[in-house]
Structures are given as C-alpha cells and as structure tokens.
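Subject: Structure for your review

Hello,

Please find the structure below. My notes on it follow.

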Amino acid sequence: MSGAHMSKNVLVTGAAGFIGSHLVEALLARGDRVVGLDNRELELARAHAGYRWVQGDIRKASDVEQALREDTFDTVVHLAARAGVRPSLIDPAGYCDTNVRGTALLLDAAGRARVGHFVFASSSSVYGARDGAPFRESDAVDDPASPYAATKRAGELLARAFHHLNGTPMTCLRFFTVYGPRQRPDMAIHRFTRLIDEGRPVEIYGDGGSQRDYTYVHDVVDGLLRTVDRPSGYRVYNLGTSQAVPLHRLVELIGASLGRTPHVVKSPAQPGDVPLTCADLSLARSELGYEPVTGIEDGIAKFAAWYREETAWLASSR
C-alpha cells in the first residue's frame, strides 16, 4: 500500500478471536485507534494506548450501542460470529441468533451512529456444493449446504439492505478457510497438527480428495486493511489464494512439517461438507490490490512452528 496513512477510528467485533486479534495488531501497528467489542479481553493489545476494550455481546443491543457511543467510527469490521459448518447442524437456531440477529442489530446501530464504512466477514461457504472452479463473486449463491452458510449469506443480504436504506458503504469479504497462529483448536489444521504431533489417528471424512483454498491469516489481514481503506458503495470480494489443496495433501504437509508420519483413518463424508472451494481473485486484485503471498507449504510450516512454540510454552507454564 502506498502513500501516507491517515489514522482511522475502527470498531472491531470479535477482536479477541483468531482473525480479529491479528487484525487489531495490524491496525494498531499502522497508527489506527481501535475499539474491540468482545466478551473476552485481548491481552496482546491491553497496554496499547490506541486500543480500548468494550466487553459485550453483539446479540445485546445495549452492548452494541454502548460500543458505538464511545466514538465516531470511520469503519466497523464485523468479525464476531459462530463459525463452523458441522456445529451449525447441531445448533442452527444458535447460529441464526448470533450471525443473523446479531449482525442486524449491529448494522442498525451502525447506521444510526453514521459509521463511515461497514465491513462484514462472510465466508466461501456461501457458494455451496459445486465442482466448477474458481468461484466468482458474480456466481449464484442461493443454494447453501449448511445453516452456517445460510447465515453468512443472510448477513450479506442484510448489508445490502442497509446500504440501500442509509447509503453506508458496505463491503462483504468471503474468507476461504483461514488458518495460522492462534487458530481455534477445533479447526481442521490445528486439530490435525495436534493429533499428528501426539501420534494419534487423524480422522478424515470422505476419500481425502476434497479440496480447499487454504488462506494464511496474514494474507487475509492484508485484504482487510485494504478494504478498510477503500469504502465504495456495496462490494463483495473473495479473499483466498486461488489454489485448491486436496485434503490428503494437507495432512501430508502437516506431517512433514512436524517430522512425523500421519496415521489416517477414513470415515464417511459428513452432511454440510462441500467438495471444493477455490477463489477467483480477479476483483480483489483489480479493486483492492490484494495479492496473497503465503503458499500452503510455507503457511503450514509457519503454523507448525507456532504450534510447537505454543505447546512448549504451555508445558513450561504448568
């Protein structure tokens, strides 16, 4: 990114989460002032003069309004959500409560607070189960394969509606399987790494041929920063790598990074799973200047190194 950066006031929901914590670090590093709305405190930003934590829940209108009352915000980056396809099959109502009702509360409050730009974290899951690749933002997305996917598409449509009603610039970012340091332990790459490192069986669903566009978190944060700086009407962008990696190849790479041989156990494919994700980046490249730089080999090596450091630190602190 070129030119002098004009400092912004940014509200980040889900600030203590995986992507949120990396984004807050990056915003603070470039001189922005950040308010984090989360039910957990973000320890790494605690002592930073440019960061303030508002303890709250996006499902509570009073919490949302309190956060937006604190300042005049150039941008809201809405990352807070219930994530994951399989858990949404078990608790679809809970996912709708957080991801749809919570997003509607935030959009409504942001409009009344005259926020300059609203950025919504969507997901590649909105594309549903399809074989043709790469996935383009102009593709039809009316056939979700899980409640989680449906809630993310609903969030995009709510953003569109509020842009129509109050004119606030809205940008929806479709993230493609983000991974990296601080990833939740239940997510596939973190879970596989732990199991392989401990010499335990790795259960994969289907024949191992399903493919995902795995995107390193620092590339996604770069896309987020570029988005924050480019409010423009209503926009939807893919943030991925445009490289579809088979599941069996992912497991091999994790094993190689750990110096261990994975013991794979295959189970039947699960409801809600899709065979392929792969992002077309033409629009993000042309309008945001987005260009991912971390390939899967380097990304997995970085994640494995972080995992080893984290487990060593946890063991020494006991």
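Gly14 sits in the loop between E1 and H1; helices (H or I, at least four residues) and strands (E, at least two) are DSSP runs, numbered from the N terminus. The model is a predicted one, in which local features need pLDDT of at least 70 and side-chain atom pairs count only at pLDDT 80 or more, while totals for chains, interfaces and linings use all residues. Residues are numbered from 1 along each chain as its sequence is written, and side-chain values use heavy atoms, with hydrogens and water left out.

With a relative accessibility of 12%, Gly14 counts as buried (buried is under 20% relative accessible area, exposed over 50%, partly exposed in between, with a 1.4 Å probe and protein chains only). Setting aside neighbours within four places in sequence, Gly14 is in contact with Gly20, Leu37, Asp38 and Ala80, where contact means heavy atoms within 4.5 Å. Gly14 and Arg112 are 98 residues apart along the chain, and their C-alpha atoms are separated by 21 Å.

**Nonpolar cores**

In soluble globular proteins, nonpolar side chains tend to be buried together. Here the largest nonpolar core has 42 residues, and those with the most contacts inside it are Val12, Ile19, Leu23, Val24, Val77, Phe175 and Leu224. A nonpolar core is a set of buried Ala, Val, Leu, Ile, Met, Phe, Trp, Tyr and Cys residues joined through side-chain atoms within 4.5 Å. At least two residues of this core come from each of E1 (9–13), H1 (18–29), E5 (118–123), E6 (170–175), H7 (217–228), E11 (234–239) and H9 (282–288). H1 gives the largest share, seven residues. Val24, leaving aside its neighbours within four places in sequence, is in contact with Val12, Ala15, Val34, Leu42, Ala45 and Tyr51. Another core lies apart from this one and has 24 residues, among them Ile58, Ala80, Leu106 and Tyr234.

**Helix packing**

For the angles below, axes are lines fitted to C-alpha atoms, for helices over the stretch in contact, and angles run from 0 to 180 degrees between N-to-C directions. Angles under 35 degrees count as roughly parallel, over 145 as roughly antiparallel, 65 to 115 as roughly perpendicular and the rest as oblique. A crossing is left-handed if the near helix is turned anticlockwise from the far one by less than a right angle, and right-handed if clockwise. In the residue classes, Ala, Val, Leu, Ile, Met, Phe, Trp, Tyr, Cys and Pro count as nonpolar, Asp, Glu, Lys and Arg as charged, and the others, Gly among them, as polar.

- H1 and H7: the angle is about 60 degrees and the axes are 10 Å apart, so the two helices are oblique to each other. H1 passes H7 in a right-handed crossing. Phe18, Ile19, His22, Leu23, Ala26 and Leu27 of H1 meet Val217, His218, Val220, Val221, Leu224 and Leu225 of H7. By class, this contact has 10 nonpolar, two polar and no charged residues.
- H4 (92–112) and H5 (147–166): the angle is about 15 degrees and the axes are 9 Å apart, so these helices are roughly parallel to each other. The crossing of H4 past H5 is right-handed. The residues of the contact divide into 12 nonpolar, six polar and one charged.
- H2 (61–69) and H4: the angle is about 35 degrees, with the axes 10 Å apart, and the crossing is right-handed. Ala61, Val64, Glu65 and Leu68 of H2 make the contact with Leu105, Leu106, Ala109, Ala110 and Arg112 of H4. That contact divides into seven nonpolar, no polar and two charged residues.

**Two buried valines**

Val228 is in H7 and is buried, with a relative accessible area of 1%. Not counting residues up to four places away in sequence, Val228 touches Lys8, Arg30, Thr75, Val77 and His117. Val251 is in H8 (247–258) and counts as buried at 4% relative accessibility. With the sequence exclusion of up to four places, Val251 touches Phe192, Ile196, Ile204, Pro262 and Val264.

**Backbone points to check**

- Ala133 and Pro134 are joined by a cis peptide bond, with omega about 0 degrees; Pro134 is in the loop between E5 and H5.
- Arg182, not a glycine, has a positive phi of about 75 degrees. Arg182 counts as partly exposed at 30% relative accessibility.
- Ser242 also has a positive phi, near 70 degrees. Ser242 is partly exposed, with a relative accessible area of 26%.

Regards
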